[in-house]
Amino acid sequence: MKADPRGVLTGVYYIDGDVAAGYGALAAGCKFVAGYPITPSTEAFEAICHRGPQVGAVFIQMEDELGSISAIIGATWSGVKTMTITSGPGYSLMQECIGFGAMLETPFVLLNIQRGGPSTGVPTKTGQADMMQSRWGSHGDYELIAIAPESPQEMFDYTIKAFNLAEKYRCPIMIMSDECVGHMTEKVVIPEADKIEVEPRRLYTGPAEDYLPFKPEPDLVPKMAKAGDGLKLYITGQTHDERGYPVKDAEYKSKYGRRLVDKIRLNKDKIIELKEEGTDNADVIVVSYGISSRVAIKGVELAREKGIKVGTLRLVTVWPFPDEKMSELAKKAKAFVVPEINYGQVVYDVARCAHGRANVVLVPHGGAGVHNPNDIADAIEMAAKEDKKIEGLIEFKTRLEKSVFEGGFKLKE
Amino acid sequence: MMETPKTDEKQEIHPMENLLRMDRMPHIWCPTCGIGLAVTAFTAALEKANIDPNTVSIVSGIGCTGRVAGYVKLDSFHTTHGRPIAFATGIKVASPKTKVVVFSGDGDLMAIGGNHFIHAARRNIDMLVVCVNNFIYAMTGGQVAPTTPLAAYATTSPYGCVEPPFNIPYLAESSGAVYVARWTTLHIRRLTNSLTEALQKTGFSVVEAISPCGMYYSRINRLGDGLDMMRFYHDNVEIRHGEDTKNLDIGFQTKIICGKFVDRERPSYNERYNQWLSEVKTAGRHSKGQKGSKK
């Protein structure tokens, strides 16, 4: 289906990533946004508050993030596409209802502009330390999809993709952006509506008495419904059968709980999006996502100037994790270098898939800034020179860490 | 599933069967609990108010009363603890034609969900909130609640409750509710009438239904069972319509004032929003937001 032209603000813009994501949501047909102001995500919410009413989308600023995510889940069940926007502490507050959304198989999009943490952390500066939270943050077993855009243009494009994935797999989608991409201002091209593909809600159309809100189709995803159609929905956060009725025995828990993970795991070939470059003959492969993949471009360039064979694998979708791809690359390359703005999160999944066949080097960053590309280049060089297989994670000592912990504290190098 | 015995005799059916999920019976509520009575009053009110059940979404939180949504044959949402009003806000704002009812308990609505309660009242979101108040967290086995009367016992106030409780009608009125009433589940007809009126009202309406908890609240406080509590209501409820909500505090085994206290008009959220939106569309209202510049 093509996008409704009403929500598509066709044109060439010079805007930041937050605003681009807001415009992406409107283009995707988002009709309800509930949010609570939090730096550095506020601009996305403001963009929707400004543009939404002009294009038929409703917004409400709720009293807190718990209310925001609850409201969008309610609104989704009343039949519209929805989104909420947050960062850091707000993301933590939303965790319970992310699991609730996954349990109810509710399609919605959550835009998380990551900032430095934990707690209040560094609200105005970047981080990538919510990645594991986006995978395991809520209690219980479930699988979600997380996307990490790296530019304002991608914030627009992948917000639309997030809405499409939400409808396809009836689950919450996390856009795991960060302050740097959110506040980066670049050219964004918004195409005409007929160039934008949107996934319509897959609504049940049969007789009311036959509807089972959690009966899977062959792709394991059930048809969606909405309140007010006489279906007498019974939607609960309790483990439920196909009718939606609560069940509590181990057999039922397995029978009906398993699909929440299987519908993502078994469809992951269709979900995963990667950008791979020069990995065929590479000694070292840089695995990165979000803003770090953009910084890594320079690091890779510097390493190549030294004659090192480097490839890159960018995780556009971070979850579900591309296990097979990573295992396959581990057979070919000597090492993976993983720069991320945390003290090791996604790198553990890289190591799990490398399975001792390739060394895994973490280039950490504590947040409130991005990597120095020279560190990434040096880490690549170090990894390329290492001929031994080293068990466990290798942590690269960055210039920043050295200056802080070894060379005495200096603000600037 | 049990097979229905074949018989030529006419089966007696429950008068509310078309509004209840009979395949979910028996329900989980304890003997002499009042929640079932509140549900009966609500289903009767729905019929009396002549509301098409297909247009009604019922939203509950967690707890004993949180199970109500699951027994009523409407579009039923059993949400997370404390969030039914926020969830219902999403439904009402995104889909204004839906009739929204929040049916939940005092712990769910007044403690963990208290913030949503006051803000939905402030916004005057068009919904009926039925708050079943049994003075205790019953689902988890009788812990102290923000409605537990001072000095009453609970498992987490074993020396008697040290905190004063919320006066729900006062909180509702001062936050902006347009309709506020309180009854006990003994006053089933009056409760039904209030629910009927509230269902026909546009705006944030609150009906507090005081209910016996024969299992936890009355046991630990040595008050007998639910029936004894109903007798207590019979002897100690004073009906005072229009009473100033300031005067509606409930003490431990003191007089309970019931009645309809607030019935007023304020534009609902949706009414204001539509008015505002029409002004946006006719360019009578301009945005102060200037996000993004075209190249």
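Two strands pair if DSSP finds at least two bridges between them. Strands here are DSSP runs of E with at least two residues, and helices are runs of H or I with at least four, numbered from the N terminus. Keep that in mind as we walk through this predicted model, where local features need pLDDT of at least 70, side-chain atom pairs count only at pLDDT 80 or more, and totals for chains, interfaces and linings use all residues. Residues are numbered from 1 along each chain as its sequence is written, while chains are lettered from A and ligands numbered from 1 in the order in which they are written.

Let's start where the chains meet. β10(A) and strand β2 (residues 75-78) of chain B pair in the parallel sense over 3 bridges. Look for Y234(A): its bridge partner in β2(B) is S76(B). The whole contact (C-beta atoms, placed from the backbone, within 7 Å) takes 48 residues from chain A and 36 residues from chain B. On chain A's side, α3(A) gives the largest share, 9 residues.

Now turn to chain B, which has 10 helices and 11 strands. Of its 295 residues, 52% count as buried, meaning that 20 or more other C-beta atoms, placed from the backbone, lie within 10 Å of a residue's own.

Helix α5 (residues 114-123) of chain B has its own buried set: H116(B), F117(B), A120(B), A121(B) and R123(B). They sit on the same side of α5(B) because they cover an arc of only 165 degrees around the axis, taken from the directions from the helix axis to the C-beta atoms. After α5(B) comes N124(B), with a positive phi near 60 degrees.

Technical notes. Buried ≥ 20, exposed ≤ 12 C-beta atoms within 10 Å, placed from the backbone. Contact = placed C-beta atoms within 7 Å.
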